[in-house]
Every structure is written in C-alpha cells, then in structure tokens.
Amino acid sequence: GVPSTYDAPVRIAVIGGTGIQALDNFTLAATLDVDTPWGAPSSPISILHHPSPTTGKPTPIAFLSRHGVHHELAPHEVKNQANIAALRHLGVRTIIAFSAVGSLQEEIRPRDFVVPDQIIDRTKGIRPFTFFEGGMVGHVGFGDPFDNSLAKIVRKCGHSLEGDGVSLHDKGLLICMEGPQFSTRAESHLYRSWGGSVINMSALPEAKLAREAEIGYQMICMATDYDCWRGEGGEDVNVAMVMAHMKANSENARRFVGAVLDELSKEEHEQQVLAKHLEGQMKFSTSTY
Ligand code: ADE
C-alpha cells in the first residue's frame with residue numbers, strides 16, 4: 001500500500017484542472033487525507049517524487065485535483081480554502097496551477113498555452129473567498145495577482161518546448177467568471193472589449209487565497225475553445241470541445257508541467273520556491289485594533 005503520511009516538508013504543489021486529474025509519470029510516495037478548519041480539500045493530496053535534474057535527489061511535489069478525483073466538483077463547489085490551507089500545512093510555498101480556458105483572441109488558438117499576468121474577477125461572490133473574516137480583518141495586496149518571478153521561470157520552461165508542438169503566449173488578461181454556465185455572446189464581446197485574452201471559472205478565489213497564505217502562485221492556461229464570440233465564424237464552446245482538446249494535448253500539458261518542476265527543483269531556485277519574497281505580506285495587511 002501507498003503510505004498515508006509524509007514527514008518532510010513539501011514546498012512545491014501542482015493543482016491540476018480539467019484534463020489533468022493526476023500526474024502519473026512520477027513516483028507516488030504517499031497519499032494524504034488532510035483535514036483543515038475549512039474542511040477536507042477537493043481530493044486527497046498525492047506526494048510525488050520528482051528526481052532533481054541537477055542533484056538526482058527526489059524533490060517532493062504535492063498534487064491536488066481541483067475538481068476532485070472523479071471531476072465531481074463544479075467550479076463553484078471547489079474547496080478552495082481547504083485546498084490552500086492543506087497545501088500550506090504540508091509546507092507548500094509555490095503553486096503551479098493548471099486550467100483549461102476559452103480563448104477571447106483569434107491568435108490564441110485551441111491547444112495554445114498562456115501564462116496570464118492579470119485577472120478580472122467576474123465571480124459572483126458566492127464562493128468562500130478569504131481566510132480573513134470572523135474577527136480577523138485582512139487586506140492583502142493583489143495588484144499583481146500572480147508571482148512575477150515565478151512566471152518568468154514558467155515562461156522560460158514553456159518556450160524551451162516550442163518547436164515541439166507547444167505554443168506559448170507570455171502574457172494575458174484572464175477573465176474568471178462564475179459559471180457553471182458558459183458566457184452569453186454579449187458577455188463574451190464585453191470581455192473582448194476589456195482586452196481579455198482568455199476566460200475560465202477556476203483562477204479565483206484560488207489565487208487570492210494563495211496570496212493570503214503567502215504562497216507564490218502562477219497559473220498555466222491551455223486554450224480549448226473560442227468561447228462564443230465568433231458567432232457565425234465558429235462553433236460555440238461546449239464541454240465535448242473542451243475535453244477533446246485537453247485530451248489531445250494532455251501530453252504537452254504534462255511535459256510543460258514536468259519542465260517547470262525540473263527547473264524548480266534546481267538549487268538555484270530555492271529562495272524562489274520558499275517564496276521568501278512573499279514572507280511578511282500579511283504583516284501589513286491585518287488590522288486587529
Ligand atoms: N473553460 C474552458 N473554456 C471556457 C470558456 N469558454 N468559458 C469559461 N471557462 C472555460
């Protein structure tokens with residue numbers, strides 16, 4: 001049987017989205033059922049051993065499936081607080097999150113990857129979205145919703161796979177909508193008029209909670225459709241379309257995540273992985289008097 005405990009701190013986590021419910025090309029070292037004051041996370045957390053490309057020593061990676069083991073959680077049902085709290089409890093300071101997205105721009109084609117740098121929140125406030133409530137007041141900075149130095153590493157890894165069938169867009173404005181219904185055509189056009197690059201239902205509150213927990217966070221998006229803005233010019237998004245592109249390109253998605261993990265396991269990135277630059281964020285963000 002696979003161990004159900006793991007003693008060493010785990011610094012790096014991957015949150016898998018639709019189409020990446022597991023990372024099966026690494027050694028499974030443990031499967032953890034973590035409980036938190038916010039309940040159980042979306043799925044048990046797998047601890048995977050990833051051999052460092054420089055030292056050969058295994059780097060432990062925590063893997064969490066955002067929508068559950070069997071994709072049973074809708075975007076508004078994802079256990080975001082428990083997920084982030086459980087990862088932080090294990091020692092995680094860096095999260096690479098993966099998500100299928102709709103494209104709002106012609107040049108972002110299905111199966112292209114995007115490393116977004118901004119988000120517009122179009123969730124409806126129905127998801128539990130903060131750790132700071134019930135007597136603990138906190139306002140954390142979110143001007144740059146992703147960790148810019150982590151993003152640089154992720155982009156470099158993505159570009160290293162170009163020519164091998166991976167197309168990467170270095171920046172992007174991600175619209176995070178509530179769902180689970182897809183957007184109306186009018187909304188899709190509105191998001192384009194705002195300069196939106198891609199759209200999903202999963203970046204928030206995940207990214208906000210990671211920031212509150214002083215965890216470095218970057219999302220990697222993979223386009224699966226053109227949403228519905230093209231009208232007569234193309235077929236509107238549907239689930240079969242999203243799944244088909246995810247499945248067809250899952251090997252590239254895994255290779256991309258694998259390249260990022262290779263890079264992050266190098267000793268030169270130790271301070272980055274420990275998110276030293278985010279330490280003390282919350283110190284100036286809480287007001288308890
Ligand atoms: N995820 C994948 N495609 C999407 C779309 N068009 N809108 C919202 N979330 C998505």
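**Val101 and its chain**

Colleague: Which residues does Val101 touch, not counting residues up to four places away in sequence?

Modeller: Contact means heavy atoms within 4.5 Å. Residues up to four places away in sequence are left out. Val101 then touches Leu174, Val198, Ile199, Asn200, Cys221, Met222, Ala223, Thr224 and Asp225.

Colleague: What kind of model is this, and how are residues numbered?

Modeller: Residues are numbered from 1 along each chain as its sequence is written, and side-chain values use heavy atoms, with hydrogens and water left out. Local features need pLDDT of at least 70, side-chain atom pairs count only at pLDDT 80 or more, totals for chains, interfaces and linings use all residues, and the model is predicted.

Colleague: Is Val101 buried or exposed?

Modeller: Buried means under 20% relative accessible area, exposed over 50%, partly exposed in between (1.4 Å probe, protein chains only). Val101 has 2% relative accessibility, so Val101 counts as buried.

Colleague: How far apart in space are Val101 and Asn200, C-alpha to C-alpha?

Modeller: In sequence, they are 99 residues apart. In space, C-alpha to C-alpha, the value is 4.9 Å.

Colleague: What percentage of the 289 residues in the protein chain is buried?

Modeller: The count covers the 289 residues of the protein chain. The buried share is 56%.
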